[in-house]
Amino acid sequence: MEVIRFAQAVVTKKIEALGAKVELRRGADGEPFLTDENNHILDCQFGQIPDADGLARQLSDMPGVVEHGLFIGMASVVLVANGSEVIELRR
C-alpha cells in the first residue's frame with residue numbers, strides 16, 4: 001500500500017485497527033523504500049478478506065493512502081507464483 005510519508009504512522013494505526021499486520025517496506029540498505037513519488041510502501045497482511053469491495057472502499061477513503069493494490073474488478077487473469085509453480089486463475 002502506497003502512503004504519503006508524513007501520514008504513515010496514522011495510516012498504519014488505522015490499517016492495524018482493520019485487522020492487518022503492517023510492516024514498512026525497506027530497501028537493501030535498511031532505509032524505507034521510496035516510490036517514484038517519494039512515498040512509503042506498507043506491506044499489509046489481512047489474511048482472508050471476506051469483503052474485498054468493502055475493504056477497498058475503506059482504504060481508498062483513508063486520508064494518506066495513495067493506492068491500496070486491491071484492484072477489484074480489473075483483472076480477468078491472476079498468476080500466483082509459489083516457488084517454481086505458477087497457478088493461473090481465471091474469472
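In strand S3, Ile 41 is the bridge partner of Glu 2, and this pairing belongs to the two bridges that join strand S1 (residues 2-3) to S3 in an antiparallel run. Strands and helices are taken here as DSSP runs numbered from the N terminus (H or I over at least four residues for helices, E over at least two for strands), and two strands count as paired if DSSP finds at least two bridges between them. The model is a predicted one, in which local features need pLDDT of at least 70 and side-chain atom pairs count only at pLDDT 80 or more, whereas totals for chains, interfaces and linings use all residues. Residues are numbered from 1 along each chain as its sequence is written, and side-chain values rest on heavy atoms, with hydrogens and water left out.

**The four-stranded sheet**

- Four strands make up an open sheet with antiparallel pairing, in the order S2-S3-S1-S4.
- S2 and strand S4 (65-67) stand at the edges with a single partner strand each, so one side of each has no neighbour in the sheet.
- Helix H1 (residues 8-17) packs on this sheet and touches S1, S2, S3 and S4, while its direction makes about 10° with that of S3; such angles run from 0 to 180 degrees between N-to-C directions, with axes fitted as lines to C-alpha atoms, for helices over the stretch in contact.
- S2 and S3 run antiparallel and are joined by four bridges, and within this pairing Leu 42 of S3 is the bridge partner of Leu 24.
- S2 shows a covered face, made of Val 22 and Leu 24, and an uncovered one, made of Lys 21 and Glu 23.

**The nonpolar core**

- The largest nonpolar core has 14 residues, of which Val 11, Ile 15 and Leu 42 touch the most other members; a core of this kind is a set of buried Ala, Val, Leu, Ile, Met, Phe, Trp, Tyr and Cys residues joined through side-chain atoms within 4.5 Å.
- H1, S2 and helix H2 (52-60) are the elements that give two or more residues to this core.
- Apart from neighbours within four places in sequence, Val 11 is in contact (heavy atoms within 4.5 Å) with Val 3, Leu 42, Met 62, Pro 63, Gly 64 and Val 65.
- Ala 20, found in the loop between H1 and S2, counts as buried because its relative accessible area is 9%, where buried means under 20%, exposed over 50% and partly exposed in between, for a 1.4 Å probe and protein chains only.
- With neighbours within four places in sequence left aside, Ala 20 is in contact with Ile 15, Cys 44, Gln 45 and Phe 46.

**The loop between S2 and S3**

- Arg 25 lies in the loop between strand S2 (21-24) and strand S3 (40-45), and its contacts beyond four places in sequence are Pro 32, Phe 33, Ile 41 and Asp 43.
- Although Arg 25 and Met 1 are 24 residues apart in sequence, their C-alpha atoms are 9.7 Å apart in space.
- Asn 39 lies in this loop between S2 and S3 as well, and it counts as buried because its relative accessible area is 10%.
- The side chains of Asn 39 and Glu 2 are joined by a polar contact of 2.9 Å, a term for a pair of N or O atoms within 3.5 Å of which, within protein, one must be able to donate a hydrogen and the other to accept it, residues adjacent in sequence counting only if both atoms are side-chain atoms.
- Not counting residues up to four places away in sequence, Asn 39 touches a set of residues including Val 3, Ile 4, Phe 33 and Val 66.

**Salt bridges**

- The count comes to two salt bridges, each defined by a side-chain nitrogen of Lys or Arg within 4 Å of a carboxyl oxygen of Asp or Glu.
- The side chains of Arg 25 and Asp 43 meet in a salt bridge with an N to O distance of 2.5 Å, and this pair links distant parts of the chain, as Arg 25 sits in the loop between S2 and S3 and Asp 43 in strand S3, 18 residues apart.
- Arg 25 is partly exposed at 35% relative accessibility, and Asp 43 is also partly exposed, with a relative accessible area of 31%.
- Glu 88 forms a salt bridge with Arg 90, in which the closest N and O atoms are 2.7 Å apart; Glu 88 counts as partly exposed at 45%, whereas Arg 90 is exposed at 62%.

**The S5-S6 hairpin**

- Strand S5 (residues 77-82) and strand S6 (residues 85-90) pair in the antiparallel sense over six bridges, and Leu 89 in S6 is the bridge partner of Val 78.
- Two residues stand between the strands of this hairpin, in which Gly 83 takes a positive phi near 65°.
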